[in-house]
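Student: I have a model open on my screen and would like to learn how to read it. Could you take me through it feature by feature?

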Amino acid sequence: METILVLAHTETDGSLAKPALEALAAAKSLGGTLVAGLVGDNVQTAANCIAGWGAAKFLAVTGADFAHPRYATDAAAAEAIAKAAGATVIVAPATSRWNRVLSGVAHRLGGRADTHVTAIAAAGGAISVNRWYYRQRMEAVIQRAQRPWVIALDPGCVPAWQGDAGTAAVENVAVTLADAQKRTAVTGLKAPAADQQTIRPDAAMLLVAGAGWTKKQADGQTHVPDAEKLILGFLKLTQASLGGSKSLVDLGGEGQAVLSFMTHLHQIGQTGSTPRHQKGLSTCCHGEEPHTVGWRFVNERRAISLDPNCGWARGKANVLYVADAFAVMAKVNELLAPKKA
Ligand SMILES: Cc1cc2nc3c(=O)[nH]c(=O)nc-3n(C[C@H](O)[C@H](O)[C@H](O)COP(=O)(O)OP(=O)(O)OC[C@H]3O[C@@H](n4cnc5c(N)ncnc54)[C@H](O)[C@@H]3O)c2cc1C
């Protein structure tokens with residue numbers, strides 16, 4: 001029987017974030033002996049919240065040295081917990097913090113790591129994981145004989161674990177750090193204000209802006225300030241997440257008029273991201289294959305483009321509005337405003 005360790009780090013408030021709860025749910029569905037491994041400044045609150053998860057043990061590496069993400073200390077903590085647990089399978093949420101260290105940890109443990117896993121299942125005594133390849137064009141189901149097997153589960157793929165809180169008996173795992181492992185210091189965090197943060201992975205809807213927003217319109221002029229107002233207005237009213245086409249996010253570098261809030265982090269597609277949202281609305285974007293491949297996990301797709309022969313019209317969207325996005329989005333915002341109020 002496998003000993004399945006879920007590795008989770010606490011957030012700054014001592015809680016476990018949703019991706020950690022998703023990893024707990026995925027691991028629990030596998031059967032086997034469950035061990036919770038927690039890393040953070042103080043993990044008791046987090047452990048108590050998952051007291052009803054079914055862990056045979058709660059192992060933890062705690063203290064100020066483990067409060068912030070840092071390769072050397074995170075890797076040391078994960079390695080120590082995995083050894084103390086005797087883990088054969090290690091499931092971790094694919095957060096930026098764990099993604100940095102998991103392959104190194106697998107190497108130290110003599111194991112193997114798989115990243116960007118989207119599903120984990122057990123059947124006939126064997127565990128298999130799903131993973132997409134070639135920018136989400138092919139899906140593979142794979143198994144491994146090598147142990148320990150480190151699995152980084154992408155956020156948003158399984159429902160988060162829900163269950164009873166209680167009092168967890170946490171066993172501390174000692175990790176002795178050399179000064180060299182503490183050379184990197186986190187001096188502070190900088191993040192945009194919540195209402196300026198336009199990438200919202202948990203949003204139900206994705207709004208994609210294409211380069212058309214910055215192009216000359218029927219009157220021979222560009223209308224970038226209007227475009228900004230319409231897009232930000234829609235985001236404010238719906239709390240949708242914002243994505244962009246490559247052409248649009250590249251424009252800044254080419255010295256053209258750009259949407260001030262658009263960055264390369266917004267790019268959706270083959271060389272951008274592949275977010276998961278229930279619905280997506282593409283605006284002023286041509287819907288070419290390298291872009292729409294990033295829509296793989298967007299379930300219901302609509303697009304507004306002036307071009308009736310655009311990629312969206314060729315089977316990429318459920319609904320295509322052949323219309324002026326400036327006019328459509330102004331009307332949509334007008335209709336949404338009273339609902340929001
Ligand atoms: C190897 C490779 C990787 C790539 N990776 C990516 C990627 O990750 N992501 C990505 O996006 N692209 C990617 N591309 C580029 C991709 O092929 C397209 O060039 C890009 O997606 C085009 O962006 P766009 O549709 O916004 O711009 P355009 O092609 O310029 O289209 C603009 C659209 O806006 C419409 N429009 C203009 N005004 C209006 C209006 N008022 N109302 C409605 N519609 C209007 C036009 O009709 C047009 O269809 C990649 C290409 C290659 C070769």
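Student: Which residues come nearest to the ligand?

Tutor: A residue is near a molecule if its C-beta atom, placed from the backbone, lies within 6 Å of it. Here 30 residues are around the ligand, and G210, G212, S245, K246 and G269 come nearest. Elements that give two or more residues to this shell are α6 (246-251), α7 (289-292), β13 (298-305) and α8 (325-340). The largest share, three residues, comes from α6. Helices (H or I, at least four residues) and strands (E, at least two) are DSSP runs, numbered from the N terminus.

Before we go on, a word on the source: this is a predicted model, where local features need pLDDT of at least 70, side-chain atom pairs count only at pLDDT 80 or more, and totals for chains, interfaces and linings use all residues. Residues are numbered from 1 along each chain as its sequence is written.

Student: Now the sheets, please. In what order do the nine strands of the open sheet with mixed pairing come?

Tutor: Strands of a sheet pair through backbone hydrogen bonds, either parallel or antiparallel. Two strands count as paired if DSSP finds at least two bridges between them. In this open sheet the order is β7-β6-β5-β8-β4-β1-β2-β3-β9. At the edges are β7 (138-142) and β9 (170-172), each pairing on one side only. On average, neighbouring strands of this sheet are turned by 35° against each other, direction ignored. For such angles, axes are lines fitted to C-alpha atoms, for helices over the stretch in contact, and angles run from 0 to 180 degrees between N-to-C directions.

Student: Which helix packs on this sheet and touches β1, β2, β3 and β4?

Tutor: Two residues are in contact if their C-beta atoms, placed from the backbone, lie within 7 Å. Helix α3 (residues 71-85) touches β1 (3-9), β2 (33-40), β3 (57-62) and β4 (89-93), and its direction makes about 155° with that of β3. Look also at helix α4 (residues 96-109), which lies across β1, β4, β5 (112-123) and β8 (149-153) and runs at about 165° to β8.

For a pair to inspect by eye, take β6 (residues 126-133) and β7, which are antiparallel over five bridges. The bridge partner of N130 in β7 is V141.

Student: What is the order of the five strands in the open sheet with parallel pairing?

Tutor: That order is β11-β10-β12-β13-β14. Its edge strands, β11 (241-244) and β14 (319-322), each pair on one side only. Neighbouring strands here are turned by 20° against each other on average, direction ignored. Four bridges join the parallel strands β13 and β14, and A303 stands opposite L320 in β14. Helix α5 (residues 224-238) packs on this sheet, touching β10 (205-209) and β11, with its direction at about 175° to that of β10.

Student: How many residues does the largest nonpolar core have?

Tutor: A residue is buried if 20 or more other C-beta atoms lie within 10 Å of its own, exposed if 12 or fewer, and partly exposed in between; C-beta atoms are placed from the backbone. A nonpolar core is a set of buried Ala, Val, Leu, Ile, Met, Phe, Trp, Tyr and Cys residues joined through C-beta atoms within 7 Å. The largest one has 59 residues, and L5, A23, L24, I81, I90, V91 and I151 have the most contacts inside it. Helix α1 (residues 18-28) gives the largest share of this core, seven residues. Apart from this core lies another, of 32 residues, including W213, A227, A240 and W312.

Student: Is C284, with its positive phi, buried or exposed?

Tutor: C284 has phi near 55°, a positive value in a residue other than glycine. C284 is found in the loop between β12 (277-283) and α7, and it counts as buried because 24 other C-beta atoms lie within 10 Å. H116, in strand β5, also is not a glycine and has a positive phi of about 55°. H116 counts as partly exposed because it has 17 C-beta neighbours inside 10 Å.

Student: And where is the cis peptide bond?

Tutor: It joins R147 and P148, with omega about -5°. You will find P148 in the loop between β7 and β8.
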